[in-house]
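Okay, thanks everyone, I'll keep this short. Have a look at the model on the screen, and then I'll walk you through it.

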Amino acid sequence: MKTLVTGGLGFIGSHLVELLMKEGHSVIVIDNFSTGRLQNVASCIKNKRLKIVNADITHLEDIDKHFSKVDWVFHLAGIADIVPSIENPLKYHNVNVNGTVNVLLSSIYHKVKKFVYAASSSCYGIAKHVPTSEEDKIQLCHPYALTKYIGERYVIGLGQIYKLPVISLRLFNVYGLRSRTSGAYGAVMGVFLKQKLENKPFTIVGDGTQTRDFIYVTDVARAFYEAAKSNLSSHIINVGSGKTYSINALTQLIRGKKIYIPNRLGEPECTLADISKIKRLLNWEPKISFEDGMKKVLENIEYWRNAPLWDEKSIKKATKYWFKYFKK
């Protein structure tokens, strides 16, 4: 197949690119290099079946021509993190909503055969049911969740209107090699790994008993691939491990000193995916256990050497808008 991956130089995107190349497909990567890096696809950078385009999904005229004769489109480009979305919701809307519509329109114009969207489990907010299924109530607690969900509604809606076969994958807590090391205060895994490298204490929010459904990045890449190969259309599917681990358990695996910082309202106590649908429809299930995944991460911990170092003071400053808008 001729495939196209937006955000293909990023964390999940680069693993998907590697998988597609390994399976013999040609790949066009569209990435604006804001967080993506060429070194993330170093294993296949010299392969003639890989083409890298420096372009921004918010500019339709810059990306449209690259969709010609493409079979599968994987839309992973976007901006993440909750805290900066509170500070700058317009930027998040432009990238995660307008950018998604642009990628959809190009896919429609060029009659691609399958469109797979990277949605977010953050749309469940503080879920009332765990494990959380695709049918659970939507609770949009911050602009990041809102913009990713609006993007998903466009994917499903335009897919049905224009007969574009689409699948939206709601990703839970993805971790693994090549996760983003730059930008605003964000994913807990990268924060802790940098703190360990600098022999600083782990900054645990609340009491650390909150749990997360951590899913390894190569398992997520496989989910995208299986979705593209399938005959499904207009489906929304969870992608998680179906297991959940506390933040305290995470720090025990990484090993180091701990300090506790104020709890944040609006964050769930537990994220846990009901993955029965993806098992049933795509015959997919995770292969990498949390322990094995963390072993891979710790063996490559030097990757996070240049990541920003967060401490209690800098986190307090970075999350001031959180505490301003999320009150009892």
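So, let's start with burial: 54% of the chain's 328 residues count as buried, where buried means under 20% relative accessible area, exposed means over 50%, and partly exposed is in between, with a 1.4 Å probe and protein chains only. Before I go on, this is a predicted model, so local features need pLDDT of at least 70 and side-chain atom pairs count only at pLDDT 80 or more, while totals for chains, interfaces and linings use all residues. Residues are numbered from 1 along each chain as its sequence is written, and side-chain values use heavy atoms, with hydrogens and water left out.

Overall shape next. There are 12 helices and 13 strands in the chain; these are DSSP runs numbered from the N terminus, H or I of at least four residues for helices and E of at least two for strands. The C-alpha trace spans about 55 × 40 × 35 Å along its principal axes.

Now the inside. Which residues touch the most other members of the largest nonpolar core? They are V17, F74, L169 and F224, in a core of 68 residues. By nonpolar core I mean buried Ala, Val, Leu, Ile, Met, Phe, Trp, Tyr and Cys residues joined through side-chain atoms within 4.5 Å. Helix 7, residues 217–229, gives the most to this core, with eight residues. Take F74: leaving out neighbours within four places in sequence, its contacts include L4, L16, V116, F224 and A228. There's also a second, separate core of 28 residues, with V73, I108, Y144 and I156 among them.

Beyond residues up to four places away in sequence, V41 touches G8, L9, S14, V17, L50 and I52. V41 and V17 are 24 residues apart in sequence, and their C-alpha atoms are 7.5 Å apart.

Over to the loop between strand 5 (114–120) and helix 5 (143–161), where S133 lies. S133 is buried, at 17% relative accessibility, and touches Y124, N238 and D274, again not counting residues up to four places away. P131 is in that loop between strand 5 and helix 5 too, and the peptide bond from V130 to P131 is cis, with omega near -5 degrees.

Why point that out? Most peptide bonds are trans, and most residues other than glycine have a negative phi. On the phi side, D81 is near 85 degrees, in the loop between strand 4 (72–75) and helix 3 (82–87). N199 has phi near 55 degrees, and its place is between helix 6 (188–197) and strand 8 (202–205). Are they buried or exposed? D81 is buried at 12% relative accessibility, whereas N199 is exposed, at 63%.

Okay, that's my tour.

Definitions and conventions: Contact = heavy atoms within 4.5 Å.
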